[in-house]
Structures are given as C-alpha cells and as structure tokens.
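This briefing covers a protein chain and its ligand. The sequence and the model come first, followed by notes grouped by topic.

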Amino acid sequence: MGRFDGRVAVVTGAARGIGFGTATRFAEEGASVAIIDLDESAAADAAGRLPVVDGAKAVGIGADVSNAESVDAAVERVVSELGGIHVLVNNAGITRDNLLFKMTEQDWDLVMGVHLKGAFLMTKAAQKHFVEQKYGKIVNLSSVSALGNRGQANYSAAKMGVQGFTRTLGIELGPFGINANAVAPGFIATEMTDATAARLKMDVEEFRKLNAEANPVRRVGFPEDIAAAVAFLASDEASYITGQTLYVDGGAKLG
Ligand code: NAP
C-alpha cells in the first residue's frame, strides 16, 4: 500500500529538478502523476520515465503556468486523462537575478508571473475540483531566499509572497477538506543552481562544495530531500497541518 494509491498528483515544472524528483516520489507511492512543464515533449519524456505502479498512469502536459487559458486547459486534461485531481504541487520556477539597480521591469514581471501568478492560477483551477470533492492537498515551493538574498529582489519577494498565499489558502480552504502548505528549500543541486554557478563564473562542483561547507549539515540538498517533505505534507498523515512553511535547508538560515 502506497500513501497515494488511487490519488492523482499534479506537479508543475516537473520535467526536471525538484519537480521531477517529487513526481517520482508520488509515482513510487502509488499515485497517477501529471507532469506539467513549458515544453510538452520534455514533459511527456519525463512522464515516461516515472516509476508508476500497476494500475496508475503518468502523463506529460505542456503548459505555461503564468497563462490562465493554458492552465485551465492543462487542469481539465489532467482530470479527463487521469480521472481526477487530488494533489497539486506548485513547483514551476525561474530566476532572473540581478542587483536591484540593474534589474529590469521585465525580469520582475517574469519572476512574479511564474512563481506567484502561476501558483494562483493553478490553485484556482484545481480548487474547483478539490472543493467539490471535499478533498485536496496543495504544496507550494517557497525558498530560503524568501528571507532575503542579494541579487534576488524579484525572486525573494515572490517566494515570501508564496508563503502569504499559502497561509491564506490554509484559512480559506481548510473548511473544505483542503490542506495548503509550503516547502522552502535551501541549496538544492539542480539546473537552477548550476545556472547560478555559471552566472557567478564558477565551476558547478566548486559552487556545490562551497555551499556544502557553509551548511550546518555539510552537504547540499538533492531533489529527493524536497520530495520527501512535499510527499509528507501532501499525505493524509499531515491533515492537521495547514498554512505552514517548512524549511528544508540543512539548517542554512539558522545562524
Ligand atoms: P529547475 O531545474 O530550473 O526546473 C524548473 C522547471 O520549471 C523547468 O523544467 C522549467 O521549464 C519549468 N518552468 C519554468 N517556467 C515555467 C512556466 N511558466 N510554466 C511551466 N513550467 C515552467 O528548478 P528547480 O531547482 O528544480 O526548482 C524548482 C522549484 O524549487 C522552483 O520553484 C524554485 O524556485 C524552487 N527552489 C529551488 C531551489 C534550488 O536550490 N534549486 C531552492 C529553493 C527553491 P524550462 O526548462 O522549459 O524553463
């Protein structure tokens, strides 16, 4: 028996990185999984690599989470192809880092559009089904950068915004059997942090090593670390937890 037998989980931005790690975990634990990502072929390819159990399915859907029409069509496809929707993980993300004085309005809007508007649109489309069936689990991806990070005024504001959004979802949707929580990762080894290394003109391995040495648990995080926390918050074991943000960062922001 898996914790997600008979459930349908949707993970956005899941063609790679933390999203793919999370989709993998849901599949391993019995869920049918929809991978939503910008590029339909990358999403389908990732869905084909999920370890789905007998009787469960996986589908890859191309959609832009910052576009309302695209989101509505994607959620309707999930429901018709997988037979419902029970778990939503708002994971899709981008960075457009720069110091404030160099940050463009476009870089601000793009980051807000994917992280904040994307989570809003996906949640709005999913909650119709959640409310109707009096059951739903929402997990949003925040970040330790929500607490402030040089060069990330846009990203940091969006990720703290995600925490406020999550608290409000907890209040509004709790009466309908819906839990909403957030996970705030620290440094996770993915293409996103590899791109940061490139921007800083550093070797990827050297960048990971420096981050590991600066972390209380002396390692970087991996998508599996985040997947474990997301799966717990999306499970029925966490049904008395809502509106919370769980930092999964090896203690990075403690000192
Ligand atoms: P990643 O490797 O860059 O993957 C992000 C995925 O999201 C990509 O497949 C990307 O597609 C997709 N995406 C981007 N814009 C989208 C849109 N508008 N609609 C649908 N999909 C879209 O990132 P990650 O490191 O796994 O991060 C996942 C989440 O965790 C993000 O929300 C990120 O902010 C958060 N996070 C990451 C870290 C970390 O250290 N890695 C730390 C804290 C929080 P394309 O490839 O086509 O762009």
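How many nonpolar, polar and charged residues does the shell around the ligand have? The shell has 13 nonpolar, ten polar and five charged residues, where Ala, Val, Leu, Ile, Met, Phe, Trp, Tyr, Cys and Pro count as nonpolar, Asp, Glu, Lys and Arg as charged, and the others, Gly among them, as polar. The model is predicted: local features need pLDDT of at least 70, side-chain atom pairs count only at pLDDT 80 or more, and totals for chains, interfaces and linings use all residues. Residues are numbered from 1 along each chain as its sequence is written, and side-chain values use heavy atoms, with hydrogens and water left out.

**Ligand shell**

- The ligand is surrounded by 28 residues, a residue being near when one of its heavy atoms lies within 4 Å.
- R16, D37, N91, Y155 and T190 are the closest of these.
- Helices α1 (17-28), α4 (105-133), α5 (153-173) and α6 (191-199) each supply at least two shell residues; helices (H or I, at least four residues) and strands (E, at least two) are DSSP runs, numbered from the N terminus.
- The largest share, three residues, comes from α6.

**Polar atoms at the ligand**

- An oxygen atom of the ligand lies 2.5 Å from a polar side-chain atom of T190.
- K159 places a polar side-chain atom 2.9 Å from an oxygen atom of the ligand.
- Of the 900 Å² of accessible area that the ligand has on its own, the protein covers 90% (Shrake-Rupley method with a 1.4 Å probe; for residues, only the protein chains shown count as cover).

**Domains**

- The domain assignment gives domain 1 (8-186 + 222-248) and domain 2 (187-220); such bounds come from an automatic or database assignment.
- The C-alpha centres of the two domains lie 23 Å apart.
- In domain 1, 14 residues are in contact with nine residues of domain 2, contact meaning heavy atoms within 4.5 Å.
- Each of the two domains gives at least three residues to the shell around the ligand.

**N179**

- N179 is found in strand β6 (residues 178-185).
- N179 counts as buried because its relative accessibility is 8%; buried means under 20% relative accessible area, exposed over 50%, and partly exposed in between (1.4 Å probe, protein chains only).
- The side chains of N179 and K137 are joined by a polar contact of 3.1 Å, that is, a pair of N or O atoms within 3.5 Å; within protein, one must be able to donate a hydrogen and the other to accept it, and residues adjacent in sequence count only if both atoms are side-chain atoms.
- A polar atom of the N179 side chain also lies 3.0 Å from the backbone oxygen of I241.
- Leaving aside neighbours within four places in sequence, N179 is in contact with residues including G136, I138, A238 and T242.

**L141**

- L141 lies in strand β5 (residues 136-141) and counts as buried, at 6% relative accessibility.
- Beyond four places in sequence, the contacts of L141 include I18, V89, N91, K159, V183 and I226.
- L141 and L246 are 105 residues apart along the chain, with their C-alpha atoms separated by 9.8 Å.

**D45**

- D45 is found in helix α2 (residues 40-48) and is partly exposed, with a relative accessible area of 46%.
- The C-alpha atoms of D45 and V59 are separated by 9.2 Å, at 14 residues apart along the chain.
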